[in-house]
Amino acid sequence: MKVKIKLTTEMLGTVTKDPEVYKTYIESKKPETVTEDEYLTVEKIEEKGWTGFHQDEGGMFIYEYMVKGFLKAAGNVLKDIIKIKALRSKIDDYVFIKPRKIYLGQSKADGVIERPLRCMTMQGPRVTLARSDYIKAGKEIEFEIILIHHKEIKEEIILTLLKHGELMGLGQFRNGGYGRFEVISVE
């Protein structure tokens, strides 16, 4: 199935812009005292909580696992309506997305969105700030869905799952309405 979708809301990036996020995290857990020379710069602190998109010489892209993850999440939500047992697992086993890199047709983000993130911890509520690059609504994205022959996982099931994208999209902060899309064409 060749699928073309069109974003109806901005899609937020999901990849940390800090190329050394793991190293930075491990370093932050060291019990040693920090000298004045070792303090993080404002730019480095800013980069730590900033997400964007993967990028190479072809421009910005998302990996195919984001689309597959969307289908699995939609399958989990719609499993009682679709009435297929272990739907999420069957999507994992019988549905594949191509190409590996799904290019977004641009080399830089359209802008940045900043927002507070709130969570409840053992110590009580906590708030932090997040910053994400975004792609504007209206962007068209194309990919292929390959179905391995299966008695339950058919094209109409995939179309139903894709329809869920109008409500719950791709990328970060989906429950905030970001990354919603409509299916323009399926061949």
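User: Which residue's side chain does D92 meet in a salt bridge?
Analyst: In this predicted model, the side chain of D92 meets that of K68 in a salt bridge, with 3.9 Å from N to O. D92 belongs to helix α4, residues 87–94, while K68 belongs to helix α3, residues 64–82, so the bridge ties together parts that lie 24 residues apart in sequence.

User: And are those two buried or exposed?
Analyst: They fall into separate classes, because D92 has a relative accessibility of 36% and counts as partly exposed, whereas K68, at 14%, counts as buried. The cut-off that matters for K68 is that buried means under 20% relative accessible area.

User: How many salt bridges does the structure hold?
Analyst: The structure holds 9 salt bridges.

User: OK, what does K90 pair with?
Analyst: K90 meets E152 through their side chains in a salt bridge, at 2.5 Å from N to O. This pair links distant parts of the chain, since K90 sits in helix α4 and E152 in the loop between β11 (140–147) and α5 (155–163), 62 residues apart. As for accessibility, K90 is buried with a relative accessible area of 17%, and E152 counts as partly exposed at 26%.

User: Which residues are linked in a network of salt bridges?
Analyst: One such network links K4, E140 and E142.

User: Switching to helix packing: at roughly what angle do the axes of α3 and α5 cross?
Analyst: The two axes cross at roughly 105° and come within 9 Å of each other. That angle makes α3 roughly perpendicular to α5, because angles of 65 to 115 degrees are counted in that class.

User: Why quote both the angle and the distance?
Analyst: Two packed helices are described by both quantities, the angle between their axes and the distance between the axes.

User: Fine, which residues meet there?
Analyst: On the α3 side the residues are F70, L71, A74, G75, L78 and I82, and on the α5 side they meet I157, T160, L161 and L162. By class, the residues of this contact of α3 with α5 divide into 8 nonpolar and 2 polar, with no charged residue.

User: Now aromatics. How many aromatic pairs does the structure hold?
Analyst: There are 5 aromatic pairs in the structure. One of them is Y63 with Y65, which is stacked, with 5.5 Å from centre to centre and 15° between the planes. Y63 is buried, with a relative accessible area of 17%, while Y65, at 47% relative accessibility, counts as partly exposed.

User: What about F173 and Y178, how far apart are their ring centres?
Analyst: Their ring centres are 5.5 Å apart and the planes stand at 25°, so this pair is stacked as well; the cut-off behind that is that planes under 30 degrees apart count as stacked. F173 counts as partly exposed at 33% relative accessibility, and Y178 counts as buried at 18%.

User: Back to Y63 and Y65, which cluster do ring pairs link them into?
Analyst: Ring pairs link Y63 and Y65 into a cluster with F61 and Y103.

Technical notes:
Residues are numbered from 1 along each chain as its sequence is written. This is a predicted model: local features need pLDDT of at least 70, side-chain atom pairs count only at pLDDT 80 or more; totals for chains, interfaces and linings use all residues. Side-chain values use heavy atoms; hydrogens and water are left out. A salt bridge is a side-chain nitrogen of Lys or Arg within 4 Å of a carboxyl oxygen of Asp or Glu. Helices (H or I, at least four residues) and strands (E, at least two) are DSSP runs, numbered from the N terminus. Buried means under 20% relative accessible area, exposed over 50%, partly exposed in between (1.4 Å probe, protein chains only). Axes are lines fitted to C-alpha atoms, for helices over the stretch in contact, and angles run from 0 to 180 degrees between N-to-C directions. Angles under 35 degrees count as roughly parallel, over 145 as roughly antiparallel, 65 to 115 as roughly perpendicular and the rest as oblique. Contact means heavy atoms within 4.5 Å. Ala, Val, Leu, Ile, Met, Phe, Trp, Tyr, Cys and Pro count as nonpolar, Asp, Glu, Lys and Arg as charged, and the others, Gly among them, as polar. Rings of Phe, Tyr and Trp (its six-membered ring) pair if their centres lie within 6.5 Å; planes under 30 degrees apart count as stacked, over 60 as edge-to-face and the rest as tilted.
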